[in-house]
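Trainee: I'd like to learn how to read a few backbone and surface features. Can we go through them one at a time?

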Amino acid sequence: MTRDEFNAYCKSIGPTTHVVQWGNSDVWKIGGKLFAVCGWADDAPAFTFKVSDMAFEILPDMDGLRPAPYLASRGMKWIQHYAEPGLSDDELKRHIKASYDMVVEKLTKKLRAELGV
């Protein structure tokens with residue numbers, strides 16, 4: 001997945017917001033809460049997303065995936081796809097959507113209603 005494809009996909013998921021921060025990273029949020037980031041690892045895009053407890057145990061065993069720097073070191077369950085082979089584009093999209101859904105579930109009912117999610 002390219003950075004442009006990542007941004008187009010994150011924009012299409014729902015009422016998201018996009019900011020560029022943390023050293024030119026594309027940061028995607030829902031209701032002000034982070035669900036996906038695209039930054040750089042060795043001059044290639046690195047995609048970071050929230051995962052379930054089980055996925056956090058399994059995914060780092062795959063080549064090209066690791067606990068997300070900074071986020072995982074703070075006890076959060078985030079994975080970074082940083083190199084090939086990693087995930088296919090379809091698998092990556094499913095994980096980004098799952099990350100979005102996990103964040104939406106944690107929003108207040110009032111905010112979910114305001115956002116229409």
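Trainee: Let's start with the backbone. Where does Pro85 lie?

Mentor: Keep in mind that this is a predicted model. Pro85 sits in the loop between β6 (78-81) and α3.

Trainee: What is the peptide bond from Glu84 to Pro85, cis or trans?

Mentor: As a general idea, most peptide bonds are trans, and most residues other than glycine have a negative phi. Here the bond from Glu84 to Pro85 is cis, with omega near 0°.

Trainee: Is Tyr70 buried or exposed?

Mentor: The cut-off for exposed is over 50% relative accessible area. Tyr70 has 63% relative accessibility, so it counts as exposed. Trp22, at 54%, is exposed as well.

Trainee: Now a helix. Which residues of α1 (residues 3-13) are buried?

Mentor: Arg3, Phe6, Asn7, Tyr9, Cys10 and Ile13. They cover an arc of only 165° around the axis, so they lie on the same side of α1. The face turned away from that buried side carries the exposed residues Asp4, Lys11 and Ser12.

Trainee: Which residues gather in the patch of negative charge on the surface?

Mentor: Asp4 is one of them, along with Glu5, Glu84, Asp89 and Asp90. Helices α1 and α3 (89-106) each supply at least two residues of that patch.

Definitions and conventions:
Residues are numbered from 1 along each chain as its sequence is written. This is a predicted model: local features need pLDDT of at least 70, side-chain atom pairs count only at pLDDT 80 or more; totals for chains, interfaces and linings use all residues. Side-chain values use heavy atoms; hydrogens and water are left out. Buried means under 20% relative accessible area, exposed over 50%, partly exposed in between (1.4 Å probe, protein chains only). Helices (H or I, at least four residues) and strands (E, at least two) are DSSP runs, numbered from the N terminus. The arc is that of the directions from the helix axis to the C-beta atoms. Patches are made of residues with over 30% relative accessible area and no salt bridge: like charges are joined within 9 Å, nonpolar side chains (Val, Leu, Ile, Met, Phe, Trp, Tyr) within 5 Å. Accessible areas come from the Shrake-Rupley method with a 1.4 Å probe; for residues, only the protein chains shown count as cover. A salt bridge is a side-chain nitrogen of Lys or Arg within 4 Å of a carboxyl oxygen of Asp or Glu. Lys and Arg count as positive and Asp and Glu as negative; His and the chain ends are not counted. The place of a charge is taken as NZ of Lys, CZ of Arg, CG of Asp or CD of Glu.
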